Amino acid sequence: NGAAFSKLRGSQSGQDSTRWHVVRKFLGLISSHNIPVYLIDPLILGLVDKDIEQIRSSPDGPSPECKYFCAPRDFTTFALLDKTWKHEVGFFRSAEKMGFQWLKIINKDPRLDGMDDLSGMEIPLHYIFKLASHAIHLVVFYERSGNFLWHGPLRLKQHVDRKFVPFRKLHFGRYPGAYEKPELLLVSIDDLKVQIPKNPSSFLEEMSHSRFLECRYREARAFFQLYPDDASVDAVEFRKKAKSLLHLAALTLNNLGVKFWLSSGTCLGWYRQCNVIPHSKDVDLGIFIRDYKADIIPAFQKAGLPLKHKFGKVEDSLELSFQGEDDVKLDIFFFYEEDDHIWNGGTQAKSGKKFKYLFPKFTLCWTEFVELKVHVPCETLQYVEANYGPEWKVPVKTWDWKSSPSNVQDNGVWPIDEWDNVIQIY
Amino acid sequence: MDEWKPNPAVKPHKKRSWYLAWKYKLMNQRALRKLCQTGAVLFLLVTVIVNIKLILDTRRAAYEEEEESAQDYDDDMLNVEVPRHPVNNKKVLDVEVYSSRSKVYVAVDGTTVLEDEAREQGRGIHVIVLNQATGHVMAKRVFDTYSPHEDEAMVLFLNMVARGRILIFTIKDEGSFHLKETAKNVLKSLGSQVAPFLSWRDMWTFVGKKGGEVYGEKHAKSPALSTWGDPVLLKTEVHLTSVEDAECHWPDTELNRRRRRFCSKVEGYGSVCSCKDPTPIEFNPDPLKDNKVFDVPVAVIAGNRPNYLYRMLRSLLSAQGVNPQMITVFIDGYYEEPMDVVELFGLSGIQHTPISIKNARVSQHYKASLTATFNLFPDAKFAVVLEEDLDISVDFFSFLSQSIHLLEEDESLYCISAWNDQGYEHTAEDPSLLYRVETMPGLGWVLRKSLYKDELEPKWPTPEKLWDWDMWMRMPEQRKGRECIIPDISRSYHFGIVGLNMNGYFHEAYFKKHKFNTVPNVQLKNVESLRKDNYETEIHRLLGEAEVLDHSKNPCEDSFVPDTEGRVYVMFIRMEQEADFTTWTQLAKCLHIWDLDVRGNHKGLWRLFRKKNHFLVVGVPASPYSSKKPSSVTPIYMEPPAKEEGAVAVPAAEQT
């Protein structure tokens, strides 16, 4: 019936049954080897999303026309969770027997890239299966600490046929990416049974900001060569508390759906030494003011973090500080976007003086930090340099937030009549 | 100038290890001196050319994507195919073998494959095995046949080498003192004419094919007891055979492809490489019903003892309920042969750059391995930690599957260990019985992720602290009064006799007679009674039922315990305060159990078996169980030997 179906469809103009055939063969191949792949092709998911109600309600219904898999494309993209299959050699044998040519792209395992020099076997990051004029791009996802999935970049090594597929057009592989573990749904589209993310639109949304940055472990090692790590009891204790405070803050903000990133000293710690700076004494987060929600304060209080102070107001220089366990403080700075820069504000409580910290424009990337998937500015170096100047690589123990930052500007004084509102200390 | 390697099909990580070996060699004084002698200029030229080529190759391998960070760029430097010598089509190998009092070396086609001129090291017969088709070095061993029993090990090794391999022998210093008839006959059967007459301080070199021709032999007799024979240098040629002839004709399966790769590279593993009837490398033990540890990662900590690792992995992969996908072998150093063993069994292996020395190095290797384990398996709540010199009991996973929920639920637990420090042949009896102990035995244990991530990892001893990781873990600052669960009969067996703190004598005295469970599917008894409070109830019940032994008798004598079976007996020893182990140590000594430090205690109570009776020892008055002592009984006190007598150095109390 598949053949009959395609005969019918293939004759229609602008449609390409080759693709449908290749996808069908590929799905047959993976199901005969019990390999659970799911569809992540953004173009198809975009189409599927429009019809999602209908597709959900008729999981087995025959399709009147070939709507999704017949648009002529060079490739179709699927995902594979690494831990769900056993790397059987037999699978590739069968693929070859069916006429597939395949290419495996391997590279170092980033999960071994911590502070020690470990070298494991290289891991497969991408597979490409080509049959006739169509290719299947299979992206391998790995579980990482922080309860998320990661896929690697696609980089070709020497001797690889650069024309095997139009690599530049692939939707995955330009950068590594981080994703939540998706809920899957088995659907029948174009008479093919295939797993898709249960909510295609949120998957597509996630995909658009999925870029992942690996911590700079090698530079961090070099840093610790120069400045040996503080292994004192106090340092160990502070790191432990900072880590649990960060976990709690991330949980609270994620539940509210508020996007945040590592800022100031916490960001510097990640970028410079892939760890919490033990003498920093607080945890710093950034939030775009457009993502501000009034629920933030009650949510933190509910999580056991009382408000310590609130400076500024939503319209100007907002800054919140919550009291964590034993003197460890959580500072949340709100960032205001202008045409050519981004800034956040500071307030000196006793004088009502205002300060402004300027940053070049940045976007957000995911990273892994203390077993957490969190955002950092993608343009981290510019961000850190704006804040700490060109000497950011040298640890400084005395830091005055009013004068030390290289991007600080005086920003006037709060009018006295506003003080009750913009300077609240608890 | 770089090392000649006839095998062109080398894996990427091997290339890396070659690269590092080459780097280390540069730093090595001795090698440097030799390189200088043989032409530093040439070397530099080659280095420059290789580097330029590397850079050019890397440039050419420019990525599809433009946005490349410098880091990625460098990464690929390591991944680039290192230009290699063209495949050597020559059919003849030039072999040079040198034997003398202070130095031996072997060179194959001008490449030094063995060089040993270290003082007070490497005495005895050095043996090298070459692949008869490729000339690749498959094994390198030294047998100190000046000392007893080493000749037996050599015979064992030579018997395991496949027919047709090329064997090279050379003596350094002295190799005949304990070279017995049997060994001499084996050498004779290989074609040596000199071996039967080898004597004190003779120098000797020999090259021959196992079961085939002799390529050369040279010998220099020692003229007198006090002097050595003159150095001998043997130069000869060896004719290579075709690859076809050098390999077995096993059916072409995935498993046999792994086997072939392994067997054409290394030697000395016996029947796994037998052409006729090779031993299996896949075991398919029965799965466990309701296996609670199927998804628990298993970290195997290994060094460069590939034969041990081979034995260990065989037993691990034969244990019921094993999940090979969860096993990772962590190799301390860039050693190829352990990695070959790992690949033979189709497991994943990770190499770790050495960053410290001795104990601290082991300790750093442990840390890196544990961190990596939890990174690779971020969902895991536990990890099983094993070492390369352990046999694993057939019911190892069954034992863990039945007990692991305790580690999850009972916060007063520190670990579950497969090893009972006091479980010797004569003191362990019941495979279904578990204990709680205040000491951490190691040697096959389960670590809770939260314990590692929240407590141990952040303050793990830094490389400059020369601490044993296990001693550190036993310190009160880390253990914090928590206990480990252990079985009466161990589920692991420590077979290693070559190790950092290990020698034959020590192994014989403390490990050889350890009891090891061989019964499959043992149903553990009363697991719930191991919870903190339940265990106290259980101990009180036991003590209530126990018969008090006759304290007027000598507890070291066999007659101290009646000739019964299946009874429970208790004795009371003097223990003034919590840390007073004077009498216990003397008792442990005379019972021939672990006495180098205190192990296996729970609140001043020890549990073991004597003559198949459960035997309880309570330290009075320190133990809270002292109240069970009848007032008529005087606790036994045993005096330590006077200090002067105890001056014999005892090996470090070490477990690993």
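## Sheet and domain contacts in a predicted model

In chain B, five strands form an open sheet in the order S5-S4-S6-S7-S8, paired antiparallel. The edge positions go to strand S5 (137-143) and strand S8 (214-220) of chain B; each has a single partner strand, so one side of each lacks a neighbour in the sheet. From one strand to the next, the twist averages 10°. The model is predicted.

Strand S4 (residues 124-130) of chain B runs antiparallel to S5(B), and six bridges join the two. B:Leu130 sits opposite B:Val137 in S5(B).

On the domain 2 side, B:Gln422, B:Arg436 and B:Tyr510 supply 26% of the area buried against domain 3 of chain B, more than any other three residues.

How many salt bridges cross the interface of domain 2 and domain 3 of chain B? The rule finds two. B:Glu409 also forms a salt bridge with B:Arg531; the closest N and O atoms are 2.6 Å apart.

In chain A, A:Ile416 lies in the loop between strand S20 (408-413) and helix H12 (419-422). A:Ile416 counts as exposed because its relative accessibility is 66%, where the cut-off is over 50%. A:Ser351 is 65 residues from A:Ile416 in sequence, yet their C-alpha atoms are 9.9 Å apart in space.

Notes: Residues numbered from 1 in each chain as written. Chains lettered and ligands numbered in written order. Predicted model: local features only at pLDDT ≥ 70, side-chain atom pairs only at ≥ 80, totals over all residues. Heavy atoms only, no water. Helix = DSSP H or I, 4+ residues; strand = E, 2+ residues; numbered from the N terminus. Buried < 20%, exposed > 50% of the residue type's maximum accessible area, 1.4 Å probe, protein only. Pairing = 2+ DSSP bridges. Axes fitted to C-alpha atoms, helices over the stretch in contact; angles between N-to-C directions. Buried area = accessible area lost by both parts, 1.4 Å probe. Salt bridge = Lys/Arg side-chain N within 4 Å of Asp/Glu carboxyl O.
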